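Please keep the sequence and the structure in view while reading.

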Amino acid sequence: MAVDYGAKRNILRCLAASGCKVTVVPATATAEDILRRKPDGVFLSNGPGDPAATGQYAVPVIKKLLASGVPTFGICLGHQLLALALGAQTKKMALGHRGANHPVKDLATGTVEITSQNHGFVVVPETLPKDAEVTHVSLFDGSNEGLKLKDRPVFSVQYHPEASPGPQDSHYLFDRFVKLMDATPSAGRR
């Protein structure tokens, strides 16, 4: 299930190429609308603007989705909205990240990915709850580029893995999402 905050078509293609049957719902869908469909996982898409504005209606929905235990993956605005739903804060950047060739370090593996980015807001890592872990950082300015929950199948990244600037440095994230869905007892029905 993909929640469309302004999703790029190539993200949906990447999910489908990873074996997902993707149903897209509008940003205004309720948690009940989404969960009634019994999704194996929920993808929180990218989109424009200030996450606090979209968060007015999206954060309560995301909180309910997280409480349900459904595997969740967010990209860009979806990453920021997920962080807000966890109680973290976002802030406007002095200089946003725009374009390709942004180096991002995966803290678990030490691998540096060449990413594509288009955002003017960032998650403030110091405000993340204790059950959240920073997973990726920008090598340009040290800003947060990813997070995961330690106790639930939830993760997100700030950049656009579908944009392929590396050319496919970040495609593993779609496979990671599929593996989380397969490993979750209520999921795996794709």
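Is Phe 73 buried or exposed, and what is its relative accessible area? The model shown here is predicted, and in it Phe 73 has a relative accessible area of 0%, which means that it counts as buried, since the cut-off for that class is under 20%.

**The aromatic rings**

A search of the whole structure finds four aromatic pairs. Phe 43 is buried, as is Phe 73.

Phe 73 also pairs with Phe 155: the ring centres are 4.5 Å apart and the planes stand at 20°, so this pair is stacked. Since Phe 73 lies in strand S4 and Phe 155 in strand S9 (residues 154-157), the pair ties together parts that are 82 residues apart in sequence. Phe 155, with a relative accessibility of 5%, counts as buried. The two pairs are set side by side in the table.

| Pair | Centre to centre | Angle between planes | Class |
|---|---|---|---|
| Phe 73 and Phe 155 | 4.5 Å | 20° | stacked |

Ring pairs join Phe 43, Phe 73, Phe 155, Phe 174 and Phe 177 into a cluster.

**The chain as a whole**

The chain has five helices and nine strands, and, when it is read along the sequence, these follow the pattern β-α-β-α-β-α-β-α-β-β-β-β-β-α. Its C-alpha trace spans about 40 × 30 × 30 Å along the principal axes. For 190 residues, a compact globule would have a radius of gyration near 16 Å, and the value for this chain, 15 Å, agrees with that. Of the 190 residues, 51% are buried.

**The second largest pocket**

The second largest pocket has a volume of about 190 Å³. It is lined by 15 residues, and those that lie nearest its centre are Gly 47, Pro 48, Gly 49, Asn 118 and His 119. Helix H4 (77-85), strand S5 (89-106) and strand S6 (112-124) each supply at least two residues of this lining, and the largest share, four residues, comes from S6. Sorted by class, the lining holds four nonpolar, eight polar and three charged residues.

Methods. Residues numbered from 1 in each chain as written. Predicted model: local features only at pLDDT ≥ 70, side-chain atom pairs only at ≥ 80, totals over all residues. Heavy atoms only, no water. 1 Å grid on protein atoms, 1.4 Å probe; cavity = no way out; pocket = protein on both sides within 12 Å on 5 of 7 lines; lining within 4 Å. Points joined across faces, edges and corners; volume = space filled by probe spheres on them. Nonpolar A, V, L, I, M, F, W, Y, C, P; charged D, E, K, R; others polar. Phe/Tyr/Trp six-rings, centres within 6.5 Å; stacked < 30°, edge-to-face > 60°. Buried < 20%, exposed > 50% of the residue type's maximum accessible area, 1.4 Å probe, protein only. Rg over C-alpha atoms; globule rule 2.2 N^0.38 Å.
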